[in-house]
Amino acid sequence: MNFLYVLDPMCSWCWAFAPTMKHLQQQYPDIPVEYLMGGLAPDSDAPMPQPLQQTIQSTWRHINQHTGTSFNHDFWTTCQPRRSTYPACRAVLAAEQLREGSTSDMINAIQQAYYLDAKNPSDSSTLSDIAVNLGLDEDTFIQLIESESIETLLQQHLKLSRQIGANGFPSLYLATDNNTLVPISLGYSDWKTVERKLKQEIMRG
């Protein structure tokens with residue numbers, strides 16, 4: 001039995017879901033979490049159109065009002081936003097290859113850099129700084145994040161997330177011992193809601 005968590009590190013609802021995941025891992029430490037990069041937006045060097053910037057800023061405000069999640073809106077004036085989240089997904093995959101068990105650390109660091117420190121995880125320089133702060137070798141990380149092997153792995157993650165029907169993020173599943181995926185949270189849920197669903201499924205299983 002394990003949890004399968006489908007996300008994008010630059011998904012604002014996944015940022016809001018982070019406290020729920022923290023509770024999950026504290027309450028169920030013996031059930032491992034497998035992470036799957038869902039990928040919101042492919043590579044792009046084009047500046048994000050102004051209407052899209054306004055839409056995302058509005059989403060941040062909505063999430064803050066709905067969940068209390070903090071956002072640093074300085075991002076929109078200090079950075080050049082791009083609709084490009086695949087680099088952040090590759091950074092997570094590269095970190096795990098460099099140091100097993102570092103997936104959640106890289107996800108958390110990307111989210112904090114983006115949402116609290118107003119830094120742009122679409123930029124390779126931001127991702128390199130995060131890797132260094134996590135104690136990873138910068139040159140090796142840069143080589144890996146740009147490698148064909150990480151791109152292939154990302155495409156495998158994207159394909160699998162589509163195959164299981166995880167079309168929105170966050171998506172949390174319980175993978176049972178008989179190889180069935182039970183949806184626990186499709187989209188944002190608070191911890192009480194997730195815990196109630198989990199207890200039902202674990203008792204049923």
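Reply: A salt bridge here is a side-chain nitrogen of Lys or Arg within 4 Å of a carboxyl oxygen of Asp or Glu. The model is a predicted one. With that definition, one network of salt bridges links Asp43, Arg90 and Glu151.

Me: How many salt bridges does the structure hold?
Reply: A pair counts when the nitrogen and the carboxyl oxygen are within 4 Å. By that rule the total for the structure is 5.

Me: In the salt bridge of aspartate 123 with arginine 82, how far apart are the closest N and O atoms?
Reply: Aspartate 123 lies in the loop between helix 5 (103-115) and helix 6, and arginine 82 in the loop between helix 3 (75-78) and helix 4 (86-98), so the pair ties together parts that are 41 residues apart in sequence. The closest N and O atoms of aspartate 123 and arginine 82 are separated by 2.5 Å.

Me: Is arginine 82 buried or exposed?
Reply: Buried means under 20% relative accessible area. Aspartate 123, the partner in the salt bridge, has 25% and is partly exposed. Arginine 82 has a relative accessibility of 14%, so arginine 82 counts as buried.

Me: What is the N to O distance in the salt bridge of glutamate 195 and lysine 199?
Reply: Glutamate 195 and lysine 199 are 4 residues apart in helix 9 (residues 191-204), so about one helical turn separates them. Lysine 199 is partly exposed, with 45% relative accessibility. The side chains of glutamate 195 and lysine 199 meet with an N to O distance of 3.8 Å.

Me: Which residues form a negative surface patch?
Reply: Asp and Glu count as negative, and a patch takes residues with over 30% relative accessible area and no salt bridge. Aspartate 137, in the loop between helix 6 (124-133) and helix 7 (138-145), is partly exposed at 45%. The negative patch is formed by Asp129, Asp137, Glu138 and Asp139.

Me: How many residues of strand 3 are buried?
Reply: In a regular strand the side chains alternate between the two faces of the sheet. Ser171, Tyr173 and Ala175 are buried on one side of strand 3, and Leu172 and Leu174 are buried on the other. For strand 3 (residues 171-175), the number buried is 5 of 5.

Me: Which residue of strand 4 is the bridge partner of leucine 174?
Reply: Strand 3 runs antiparallel to strand 1 (residues 2-7), with 5 bridges, and leucine 174 stands opposite phenylalanine 3. Strand 3 also runs antiparallel to strand 4 (residues 181-186), again with 5 bridges. Tyrosine 173 has proline 183 as its bridge partner in strand 4. For leucine 174, the bridge partner in strand 4 is valine 182.

Me: Which residue takes a positive phi in the hairpin of strand 3 and strand 4?
Reply: The hairpin has 5 residues between the strands. A positive phi near 65 degrees is taken there by asparagine 179.

Me: How far apart in space are asparagine 120 and cysteine 79, C-alpha to C-alpha?
Reply: Asparagine 120 lies in the loop between helix 5 and helix 6 and is buried, with a relative accessible area of 2%. In sequence, asparagine 120 and cysteine 79 are 41 residues apart. In space, their C-alpha to C-alpha distance is 6.5 Å.

Me: What is the distance in space of isoleucine 56 and glutamate 100, C-alpha to C-alpha?
Reply: Isoleucine 56 is in helix 2 (residues 50-67), and its 15% relative accessibility makes it count as buried. Isoleucine 56 and glutamate 100 are 44 residues apart in sequence. C-alpha to C-alpha, isoleucine 56 and glutamate 100 are apart in space by 33 Å.

Notes. Residues are numbered from 1 along each chain as its sequence is written. This is a predicted model: local features need pLDDT of at least 70, side-chain atom pairs count only at pLDDT 80 or more; totals for chains, interfaces and linings use all residues. Side-chain values use heavy atoms; hydrogens and water are left out. Patches are made of residues with over 30% relative accessible area and no salt bridge: like charges are joined within 9 Å, nonpolar side chains (Val, Leu, Ile, Met, Phe, Trp, Tyr) within 5 Å. Accessible areas come from the Shrake-Rupley method with a 1.4 Å probe; for residues, only the protein chains shown count as cover. The place of a charge is taken as NZ of Lys, CZ of Arg, CG of Asp or CD of Glu. Helices (H or I, at least four residues) and strands (E, at least two) are DSSP runs, numbered from the N terminus. Buried means under 20% relative accessible area, exposed over 50%, partly exposed in between (1.4 Å probe, protein chains only). Two strands pair if DSSP finds at least two bridges between them.
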